[in-house]
Amino acid sequence: MKICFYALREFDELEFCEEFREKYGIDYVYSTEYPDANNMNLSKGCDAISCTPCDMSAKVLESFHELGVKYILCRSIGYDHVDLKRARELGMKVDTVSYTPTGVADYAIMLMLASVRRLAHILKRAEIQDYSLKNKLGRDFSFCTVGILGTGRIGETVVKHLSGFGCEILAYDLYEKDSVKKFAQYVSLDEIFARSDILSLHMNANPENYHIINRDSISKMKDGAYVINTARGKLVDSEALIEGIESGKLAGAALDVLEFENGLYYYNRMGEVMVNPKLAILRSFPNVIITPHTAFYTREDVGAMVEGNFRSLYDFETGRKISGFESIA
């Protein structure tokens, strides 16, 4: 059994590959680059490829299939970058990873606190030794109403951890959980927009949720609300968000993910012209926090992602479901 890792980070993921090669008896090769025509042949002789979110369109899948690759293993929870329909047609199985929800959940809460206390703006001004108080007035987080859109593993953990702050917590999900109801009140989508001082997104990216934050939903929100997104960039219409902030309807936003981030995040783009104009605009706002898709980035979660791919291949090839997760395609 053998995996070809793409976009492998030598400074953190490589040591885990070495560890799990020994544990599972699975060999691997890797490239530090995303898959393209120049490095696809590296996967020849491999049962699976491992990738972070990148171009896994029909044409790319077909090229890997021709090289004998049977499995597409995502080092991410999300899989919206993979053409699942074409993968099924080719007989290629697709799997994702799972990791503890606490890292992302706590990061989301950190962004909530930083937003309402205007921390990014305060830190930037402190760097130039401006220690005045003007335009730094924040809000007391404990008096805020926080709306959680999506109560899967991460959203539920956010709710549980928020319960210690004294906030009123609202939740929205098509599938309600009794465990969430202990700490939060489930309400309709319109009600969560209307009542929340802070909206935190924890939904999958699918056609039904595409641009769930848009001009219409922003118009229904409380004046002075904040939008927090640590889930998927496609959930937020960036243009509508910019308009909401420029008009003063929204007090700010904290975005760990963004539309069209592929090919930008995880690269060093210092000194280059910004190729994502909406990101350039959002970065210019003093009341917007931008982080480059790092909510997941803890040692524990990175290790779990790498091990998840080794486990998936072991499961597929041996028929033993030691990981406990079914493939998605």
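This is a predicted model: local features need pLDDT of at least 70, side-chain atom pairs count only at pLDDT 80 or more; totals for chains, interfaces and linings use all residues.
Me: Which strand is joined to S11 by five bridges?

Reply: Strands of a sheet pair through backbone hydrogen bonds, either parallel or antiparallel. Here two strands pair if DSSP finds at least two bridges between them. Strand S10 (residues 225-229) is joined to S11 by five bridges, and the two run parallel. Asn-229 stands opposite Leu-255 in S11. Between S10 and S11 the chain passes through helix H10 (residues 238-247), in a right-handed β-α-β crossover. A crossover is right-handed if, with the strands pointing away from the viewer, the path from the first strand over the helix to the second runs clockwise.

Me: How many bridges join S11 to strand S12 (residues 288-290)?

Reply: Three bridges link S11 with S12, and these strands run parallel. Val-288 in S12 is the bridge partner of Ala-253. The chain crosses from S11 to S12 through helix H11 (residues 277-284), and this β-α-β crossover is right-handed.

Me: What is the strand order of the open sheet of five strands?

Reply: The order is S2-S1-S3-S4-S5, with parallel pairing. Strand S2 (27-30) and strand S5 (93-95) are the edge strands, each pairing on one side only. Strand S3 (residues 48-51) is joined to strand S4 (residues 71-74) by four bridges, and strand S1 (residues 2-5) is joined to S3 by three. Ser-50 has Leu-73 as its bridge partner in S4, and Phe-5 has Ser-50 as its bridge partner in S3. S3, helix H2 (residues 58-66) and S4 form a right-handed β-α-β unit.

Me: Which way do the residues of S3 point?

Reply: Ala-48 and Ser-50 point one way from S3, Ile-49 and Cys-51 point the other way, and all are buried.

Me: How much space lies in the second largest pocket?

Reply: Rolling a probe the size of a water molecule over the atoms shows where empty space is left. On a 1 Å grid over the protein atoms alone, a pocket is an open set of points where a 1.4 Å probe fits, with protein on both sides within 12 Å along at least five of seven lines; lining residues have an atom within 4 Å of a point. Grid points are joined across faces, edges and corners, and a volume is the space filled by probe spheres set on the points. The second largest pocket holds about 700 Å³ of space. Its lining has 26 residues, and those nearest the centre are Leu-264, Tyr-265, Tyr-266, Tyr-267 and Pro-292. S12 gives the largest share of this lining, three residues.

How values were computed: Residues are numbered from 1 along each chain as its sequence is written. Side-chain values use heavy atoms; hydrogens and water are left out. Buried means under 20% relative accessible area, exposed over 50%, partly exposed in between (1.4 Å probe, protein chains only).
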